[in-house]
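Thank you all for coming; I would like to walk you through one structure, going element by element. Please keep the display in view while I talk.

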Amino acid sequence: MTKTVFVLNGPNLNLLGTREPAVYGAQTLADVQSLCEQTAVQNGLNLRFHQSNHEGQLIDWIHEAGRLHAKGELAGLVFNAGAYTHTSVALMDAVKGTGVPMLELHISNVHAREAFRHHSYLSPVARAVVCGLGVPGYALAINAVAQW
């Protein structure tokens, strides 16, 4: 049975490539998806890749990942929640409630940025955190999830 890795991206990540390129780089979300597809294939995983600016949609996808997890069909969740990282108890509760193994991911080093970005509601329910490695961090995250 081939397991699935979910890669979820939160608000404003659809603007990659144009939004603050000095912080987030010039690669687009399509570039990120391509990298994730290649890395999933290399690890023998199916990929579910999504982006939404809406918290409820992200929660629904976490619930979907949770159903796969309950059936033993989920390798894990790579989650770049964007600004919701610092504000959303609901996303934390969704991860905690489903029990999905989750890796929190940030393109930039959030600890070297504004003080409000230093707190994460997701870190306490994450198995690991990757931050500050740019877009290549997605490949590293999928590689890590594949080892779980």
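Helices (H or I, at least four residues) and strands (E, at least two) are taken from DSSP runs and numbered from the N terminus. This is a predicted model, in which local features need pLDDT of at least 70 and side-chain atom pairs count only at pLDDT 80 or more, while totals for chains, interfaces and linings use all residues. Residues are numbered from 1 along each chain as its sequence is written, and side-chain values use heavy atoms, with hydrogens and water left out.

Within α5, the buried residues are G137, Y138, A139, A141, I142 and V145, where buried means under 20% relative accessible area, exposed over 50%, and partly exposed in between, with a 1.4 Å probe and protein chains only. These buried residues of α5 pack against β1, α2 (29–42), β3, β4 and β5 (128–131), a contact being heavy atoms within 4.5 Å.

Strand β4, residues 102–106, contains H106, which is buried with a relative accessible area of 6%. Leaving aside residues up to four places away in sequence, H106 touches N80, T85, V130, C131, G132 and L133. Its side chain also makes a polar contact with the side chain of E104, at 2.7 Å; such a contact is a pair of N or O atoms within 3.5 Å, where within protein one must be able to donate a hydrogen and the other to accept it, and residues adjacent in sequence count only if both atoms are side-chain atoms.

Turning to helix α3, residues 55–70, its 16 residues should span 22 Å at 1.5 Å a residue, and the end C-alpha atoms are 23 Å apart, which agrees. Among the buried residues of α3 are L58, W61 and A65, and the buried residues of this helix pack against β1 (4–9), β2 (46–51), β3 (74–80) and α4 (89–98).

How many salt bridges does a search of the whole structure find? The search finds one, counting a side-chain nitrogen of Lys or Arg within 4 Å of a carboxyl oxygen of Asp or Glu. The side chains of R48 and E64 meet in a salt bridge at 2.4 Å, N to O, and the pair links distant parts of the chain, with R48 in strand β2 and E64 in helix α3, 16 residues apart. R48 counts as partly exposed at 25% relative accessibility, and E64 counts as partly exposed at 24%.

Conventions: Expected span 1.5 Å × (residues − 1).
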